[in-house]
Amino acid sequence: MNLADSELVLGLLDDDNYSLTEKMEDADVVMVNTCSVRENAEQRIYGRLGEFKAAKIKKPEIVVGVLGCMAERLRSKLNTEEAKGVGQIVDVIVGPDEYRKLPSLLNQAWHGEKGIAVQLSRVETYDDITPLRTNGISAWISVMRGCNKFCSFCVVPFTRGRERSRNYFNIINEVEELAKRGFKDVTLLGQNVNSYNHDGKDFADLMKAVAEVDRTIRIRFMTSHPQDMSDKLIQTIASKDNICKNVHLPVQSGSDRILDLMKREYTSNHYRQLISKIKTEMPEVCLTTDIISGFPTETEDDHRITMQMLEEIQYDGAYMFKYSARENTPAWKMADDISEEIKSRRIDEIVTFQNKISAKRNQATIGKVLDVLIEGDSKKSSAELQGRTDGNKMVIFPKENYTPGMYIKVKITRSNSATLFGTIHHNHLGVTI
Ligand code: 5AD
Ligand code: SF4
């Protein structure tokens with residue numbers, strides 16, 4: 001979501017005649033788009049601001065900006081005691097709904113005036129702003145902003161405000177434009193895409209329409225809240241070849257007692273039924289999830305039940321986090337009573353266990369021929385390419401004469417918990433099929 005927002009900001013600034021520099025030393029304006037979801041995300045930003053401070057000492061006229069959720073959460077405090085010695089360097093503070101003000105705030109900052117804009121909006125969707133995309137194959141499109149769910153641990157409803165959906169027709173137009181420019185992979189984004197609603201069109205209607213723009217574009221989406229994922233959406237994903245059979249469905253915990261305290265509004269059985277519907281409609285589906293370990297009052301039993309859930313569902317991958325208490329969220333009022341030591345041990349157990357499951361799921365692809373969209377050179381070697389399967393698994397293979405943006409078939413020969421490796425599959429005529 002932040003990467004997509006940064007592209008929006010670049011789009012806005014591009015219209016105002018700013019351009020990107022390769023290196024920070026060459027820049028007149030340096031900004032960081034921030035995340036508040038966990039304490040360590042914020043700590044990393046303080047580290048980054050430390051680098052900006054060093055740059056500003058060398059070149060005092062640099063304008064420094066903090067954008068996004070941390071700007072919204074800390075506001076002018078970013079310039080005071082909470083900013084751990086780096087606050088004095090921040091010139092502009094802009095929350096997620098105020099990016100339109102950036103050009104004028106930057107202009108004022110050039111004249112030595114610090115600025116702040118952190119109003120949340122009930123309507124802003126940046127519908128008319130064209131994001132500046134630096135990658136020509138994969139694109140993100142935010143289709144809705146904000147969240148009304150108020151899960152008890154989560155700061156997002158406070159930093160990103162209320163839910164609102166973008167115009168249905170404008171999203172389809174944007175995908176048509178991307179198709180003309182040769183994009184091959186589009187991910188529709190929202191904190192809870194199932195809440196998408198524009199003039200009676202729901203998220204399943206939107207997915208279907210977007211998939212019909214160009215059958216050579218793969219469509220993905222994230223994130224769905226398990227309480228409101230509809231049968232209609234599951235059927236829509238199953239019915240279209242170019243909608244990836246790849247569902248990210250955050251479970252957070254396997255324990256009903258913890259799910260209740262988290263205010264997730266579903267039970268583990270509801271979640272199981274949903275997964276079973278998805279697997280029945282799409283036996284080849286790749287599933288991923290989010291887990292929070294060490295939520296207040298979590299017992300060894302709750303922890304064990306979460307591990308059992310991982311065993312039962314057999315996810316292809318998971319994002320696994322230690323609980324981080326966020327100020328002013330409902331869970332903040334509960335004691336953060338699981339010690340750091342226990343949280344660390346539990347998360348290690350979860351990560352080790354899930355990595356084994358991911359490795360096993362990946363191993364099951366060995367010998368199969370999978371459709372891969374080539375994204376670019378592999379990070380390790382320019383003699384190899386990397387791409388993704390429909391299920392969003394990373395594949396590495398020898399380059400031959402192929403280039404990014406092409407679909408090819410790759411025969412998988414080996415794997416680990418994060419990556420598949422293979423060779424391009426040729427038929428007997430030597431032609432890729
Ligand atoms: N502590 C740890 N993880 C969190 N997440 C959200 N809030 C917190 C928190 N306070 C995780 C959830 C969510 C993902 C985006 O971040 O798992 O699904
Ligand atoms: Fe946070 Fe819950 Fe909204 Fe996701 S659905 S953004 S976890 S409040």
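Is Y168 buried or exposed? In this predicted model, where local features need pLDDT of at least 70, side-chain atom pairs count only at pLDDT 80 or more, and totals for chains, interfaces and linings use all residues, Y168 counts as buried because its relative accessibility is 8%. Here buried means under 20% relative accessible area and exposed means over 50%, with partly exposed in between (1.4 Å probe, protein chains only). Residues are numbered from 1 along each chain as its sequence is written, chains are lettered from A and ligands numbered from 1 in the order in which they are written, and side-chain values use heavy atoms, with hydrogens and water left out.

Now for the rings. Rings of Phe, Tyr and Trp (its six-membered ring) pair if their centres lie within 6.5 Å; planes under 30 degrees apart count as stacked, over 60 as edge-to-face and the rest as tilted. By this rule there are six aromatic pairs. One of them joins F150 and F158, whose centres are 5.5 Å apart and whose planes stand at 75°, so this pair is edge-to-face. F150 counts as partly exposed at 31% relative accessibility, and F158 is partly exposed too, at 37%. Y168 and F169 also make an edge-to-face pair, because their planes are at 90°, with ring centres 5.1 Å apart. Y168 is buried, whereas F169 is exposed, at 51% relative accessible area.

Rings can also have a charge over them, which is counted if NZ of Lys or CZ of Arg is within 6 Å of the ring centre and within 35 degrees of the ring normal. R38 puts its charged end over the ring of F321, 3.6 Å from the centre. For R414, the ring is that of F421, and the distance to the ring centre is 4.0 Å.

R38 and F321 turn up again around ligand 1, among neighbours that also include V37, D290, I292, K322 and Y323. (A residue is near a molecule if one of its heavy atoms lies within 4 Å of it.) This shell divides into five nonpolar, two polar and four charged residues; Ala, Val, Leu, Ile, Met, Phe, Trp, Tyr, Cys and Pro count as nonpolar, Asp, Glu, Lys and Arg as charged, and the others, Gly among them, as polar. Strands β13 (286-293) and β14 (317-322) each supply at least two of the shell residues. Polar contacts are pairs of N or O atoms within 3.5 Å. Q252 brings a polar side-chain atom to 2.6 Å from an oxygen atom of ligand 1. A backbone N or O atom of S324 is 2.7 Å from a nitrogen atom of the ligand, and a polar backbone atom of F153 lies 3.0 Å from a nitrogen atom of ligand 1. On its own, ligand 1 has 410 Å² of accessible area, and the protein covers 85% of that.

R326, another residue around ligand 1, lies in the loop between β14 and α12 (340-363). R326 is buried, with a relative accessible area of 2%. R326 and S152 are 174 residues apart in sequence, yet their C-alpha atoms are 9.7 Å apart in space. N328 is found in that loop between β14 and α12 as well, and its phi is near 70°, a positive value in a residue other than glycine.

Technical notes. A polar contact is a pair of N or O atoms within 3.5 Å; within protein, one must be able to donate a hydrogen and the other to accept it, and residues adjacent in sequence count only if both atoms are side-chain atoms. Accessible areas come from the Shrake-Rupley method with a 1.4 Å probe; for residues, only the protein chains shown count as cover. Helices (H or I, at least four residues) and strands (E, at least two) are DSSP runs, numbered from the N terminus.
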